[in-house]
Structure formats: structure tokens, C-alpha cells
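Welcome! Take a moment to look over the sequence and the structure, then try the exercises with us.

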Amino acid sequence: MKERERLNERRAIEPVISAVILSAAVLTVGCSVWFFSQGAMTISAEDYAESVINMTETISERFIIEQVIYDPETHTLSIWVFNYGDINIEVNVTYPVNDFIWREVSSKHLEEISFEFIPDSEIEVGINVETRRGNDAYYRFVLPS
Amino acid sequence: MHTIGSFCRRRGMSAIFGTIIFIGIMFSAVIPMFLVMRQADTLYEKEKFEVGRLDEEKGMENMYFYLLPTIVEDEPIITLKISNRCEIAVKIIHVWINGEPRDVDCLINPTSNGELVLRELIDPESQEPVSFNIKVTTDKGNIFLPYSGTPTYNPELGGSWEMDYYIIYIMMLHPESQLHIFVKNIDTETTYFDYNVDNNEPGYEISVTEIGEYQIIVTKLYGKPSEEVLTNTNRSVGPTNPMALVII
């Protein structure tokens, strides 16, 4: 009788081991999925937040070309850009001359951009200024005769 | 049997672990991600609303101004008489004088008048006549030009404003549609303007050729009370004050 009980107890070890193995497998896979999903979702959330912040800054940019002056003696074209928005911007004159130099214009500040410009025969010059975030401002300027 | 039963019940442990992990993933990864995204969306919507309001206010800004050149103690001075005709305050932050910016800080309350005095306009050593192209910029990015053209100052012979004729401006804060304007030189009894005007212009410009004192009477023709005299005042014009302003 005692021998039989001992055998029954030995048989009970198998479900215990299988339960432990199954639990370990569930824990291992589950933790892996947990950490992976946590990392992936953190990255996704950060990417999303960053893209939304970039989009927010893009729509927040407000600036104008406030004044343009051309000096025919020195062939200098001076452009004043006024940033009346709440964020700093970087601007580049793309037309009539694109020098690919980005100049920072702080919020609520006026910045003068001067460069050499020899007009062809036009009496009017279109001036285009764009920001690094892709917004632009246009100004039509009549050259002094 | 007791031992076997307890081990058999532990078969459900993996299901419990799985559920706990699923809930853990939900609370530690998915929900924070949605919260961060919602927060970013909220910031975006807030900013969109604010820039939309700024654009709306920029579109609402409406003001006009006249230049009143005078000479005070041999120094030419230009006074900007500004009328804010919109429902929001207008803040002037730049004045451009012949392409040179000056930082100013001039706040004009809604539907009110204000003035800005510009001094140190000329180089004291220079004897060349100078014309003054003036414009102003507001903090919302609007640029306004004066209604009153380009005054020219000649420093020769003690200094005077060069004008082909003198101007009397009648500036109306609340434009009326039916007015009668009467302008007469008191010294010579010459009547320069005696007409009904029928539009909603913010101001009227009356050119006069004689130096002296002028009587200006503006009458409102219709409405209640009818034929109400809005103003009956005198103004002088001459080389030192070539433009006079009457504000109603």
C-alpha cells in the first residue's frame, strides 16, 4: 500500500514540471514581448511627438519682409526680415540670389540681410525668403531708377 | 491526493501570468503611448488655435495716420497722428524713416487716437533738402503708410517745410456718411471748401494756398439730432506748420 502511494506521488512530479516549464515559457515570452513592445511604443510615441512638435513649429512661424532697399552705387540689396511669431526662425534668401546661408532671426526681432546684387534690365525684382521649415515670404520691389 | 490537486491547480498559473503580462503591456506601453500622442495633439491644436487667433487679429488691425510736420526751436519734427479704427489695441514697434528703422513702443487703444513724435530727423550739418518717406509696422506684422504723402524739409534760410500748398486734414474716428465741410481763411475771407460729402472715408484732405488761420466747420447733415455741428474750430498753416489736423 505504501509502495503504491509512493508511486502515485512520483507520477505527480510530471505535471509540476510541466506547469513550471509552461509558466517559465510564458514568463520568458511575455517579458520579452513586454520589453519589446514598451521600447517600440516609446520610440513610436517619441517619433510621433517630435513630428507633431515640428509641425507645430512650422505652423507657428510668422514673418514678413518688412523693407527692401537697393543701393545702385554699391550694388547692395538689403532685405529686412521681421519675425513677429513666437519662435525663432532661420531664413535664407532664395530669390533673386540664393547664397544658401541660413541666418537666425529671433522671435520679435528685425534682421537685415545684405548681399551684392547686379540687376539685369528689370525694373522690378521679386524677392523670396524661405525658412528652414519650408515657409516663405514674397516681396515685389521696384528698383530705383 | 492533496498534493496532486494543488499541483493540478497550478496549471492555470501560465494563463494568469499571460493575463498579467498583457495588462502590464497595456498599462506600461500602450496607454502611455496614447497619452503622449494625445498630449502632442493637444499642444498642436492649442498652437493652431493661437496662431489662428493671431492671424485673425492681424487681419482686424486697421489704422491710419497723418504726418504733421512742424518746426520747434529750429528743429524739424514730424508728429504722427494715429487713429486706431479697429476693436483691438494696435502696438507700433517700428517706424521707417527713409529706409532706416527706429524701434518705438506706441500702443493705441481700440477706436482711439494717439500720436508719435519723431525728432532728430536730419543731419544738422547737411544743407540739402530731405524728403521723408515714413511707414510704420505693428507687432502683428502689418505695415501702414501715411495718408498724407511725403513732406520735404529744406534746411536753407533757417529751415522750412517745402510745400506747394498747405493741407488741412479732417480725421474722423467714427466716419459719418452725410457731412458738410466748410473751410475758410479768416484773414482773407476766402472760402476753400463748402461742400456736402457723402462717403465713409476715414478722413478728408483739403488743400489751401494761403498762409494764415482757417475756420473749419463740420456739420452732420442727417441722423439724430439732424444738422449737428461736429466741430467749429480754427487752425493755422504756414511754412513751419504746413499741415493742420482736425480730429472729430
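Predicted model: local features only at pLDDT ≥ 70, side-chain atom pairs only at ≥ 80, totals over all residues.

**Exercise 1. Find which elements of chain A touch chain B, and which one gives the largest share.**

Solution. Start with the contact itself: 35 residues of chain A meet 37 residues of chain B. Next, look for the elements that give two or more residues to this side of chain A; they are α2 (13-60), β1 (63-71) and β2 (76-83) of chain A. Among these, α2(A) gives the largest share, with 24 residues. Finally, sort the residues of that side of chain A by type: 24 are nonpolar, eight are polar and three are charged.

**Exercise 2. Check the length of α2(A) against its number of residues, then find what its buried residues pack against.**

Solution. Begin with the count: α2(A) has 48 residues, and at 1.5 Å a residue it should span 70 Å. Now compare the ends: the end C-alpha atoms of α2(A) are 68 Å apart, which agrees. Then pick out the buried residues of α2(A), namely M41(A), A45(A) and V52(A). These buried residues pack against α2 (13-60) of chain B.

**Exercise 3. Compare chain B with a compact globule of 248 residues.**

Solution. First take the elements: chain B has two helices and 17 strands. Then turn to the radius of gyration, which would be near 18 Å for a compact globule of 248 residues but is 34 Å for chain B. The C-alpha trace of chain B spans about 130 × 55 × 20 Å along its principal axes. Last, look at burial: 21% of the 248 residues in chain B are buried.

Terms used. Residues numbered from 1 in each chain as written. Chains lettered and ligands numbered in written order. Contact = placed C-beta atoms within 7 Å. Helix = DSSP H or I, 4+ residues; strand = E, 2+ residues; numbered from the N terminus. Nonpolar A, V, L, I, M, F, W, Y, C, P; charged D, E, K, R; others polar. Rg over C-alpha atoms; globule rule 2.2 N^0.38 Å. Buried ≥ 20, exposed ≤ 12 C-beta atoms within 10 Å, placed from the backbone. Expected span 1.5 Å × (residues − 1).
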